[in-house]
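Student: Could you pick one part of this structure and give me a close look at it? I'd like it as one connected story, please.

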Amino acid sequence: MLVLTRKKGEVIKIGDDIEITIIASKGEQVKIGISAPKSVEIYRKEVYEEIIAENQQASVDVATVMDLFKGNN
């Protein structure tokens with residue numbers, strides 16, 4: 001993990017297309033802005049993990065239905 005110290009208004013570049021700008025800092029919270037191409041999906045980690053879990057559950061559900069159609073119950 002790379003750890004950087006930035007001040008309000010300073011920017012972090014990731015590759016050629018992504019910029020993270022420090023907007024504000026208050027107490028333990030930091031407000032950031034992210035500029036990235038529309039093709040780059042950006043999620044908070046807890047939301048991303050929820051999406052992954054739901055997708056995995058949907059895959060299990062589909063496999064169960066397919067087994068029923070095949071007579072594998």
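Tutor: Let's start with R44, which counts as exposed because its relative accessibility is 55%. On that scale, buried means under 20% relative accessible area, exposed means over 50%, and partly exposed is in between (1.4 Å probe, protein chains only). A caveat before we go on: this is a predicted model, where local features need pLDDT of at least 70 and side-chain atom pairs count only at pLDDT 80 or more, while totals for chains, interfaces and linings use all residues. Residues are numbered from 1 along each chain as its sequence is written, and side-chain values use heavy atoms, with hydrogens and water left out.

Back to R44: E46 makes a salt bridge with R44, and their closest N and O atoms are 2.7 Å apart. (That term needs a side-chain nitrogen of Lys or Arg within 4 Å of a carboxyl oxygen of Asp or Glu.) E46 itself is partly exposed at 46%. The structure has four salt bridges; another one joins K13 and E19, with 3.6 Å between the closest N and O atoms.

Now for the aromatics. There is one aromatic pair: the ring centres of Y43 and Y48 are 6.1 Å apart and the planes sit at 40°, so the pair is tilted. The rule takes rings of Phe, Tyr and Trp (its six-membered ring) with centres within 6.5 Å, calling planes under 30 degrees apart stacked, over 60 edge-to-face and the rest tilted. Y43 is partly exposed at 40%, and Y48 is partly exposed at 43%.

Then there's I42, in the loop between β3 and α1 (45-70). Helices (H or I, at least four residues) and strands (E, at least two) are DSSP runs, numbered from the N terminus. I42 is partly exposed at 44%, and together with V30, I32, I34 and V40 it makes a nonpolar surface patch of about 390 Å². Patches use residues with over 30% relative accessible area and no salt bridge, joining like charges within 9 Å and nonpolar side chains (Val, Leu, Ile, Met, Phe, Trp, Tyr) within 5 Å; the areas come from the Shrake-Rupley method with a 1.4 Å probe, and for residues only the protein chains shown count as cover.

As for the sheet, it is open, with three strands in the order β1-β2-β3 and antiparallel pairing. β1 (11-14) and β3 (29-35) are at the edges with a single partner strand each, so one side of each has no neighbour in the sheet. Pairing takes at least two DSSP bridges between two strands; β2 (residues 18-26) and β3 have seven, and A24 stands opposite K31 in β3.
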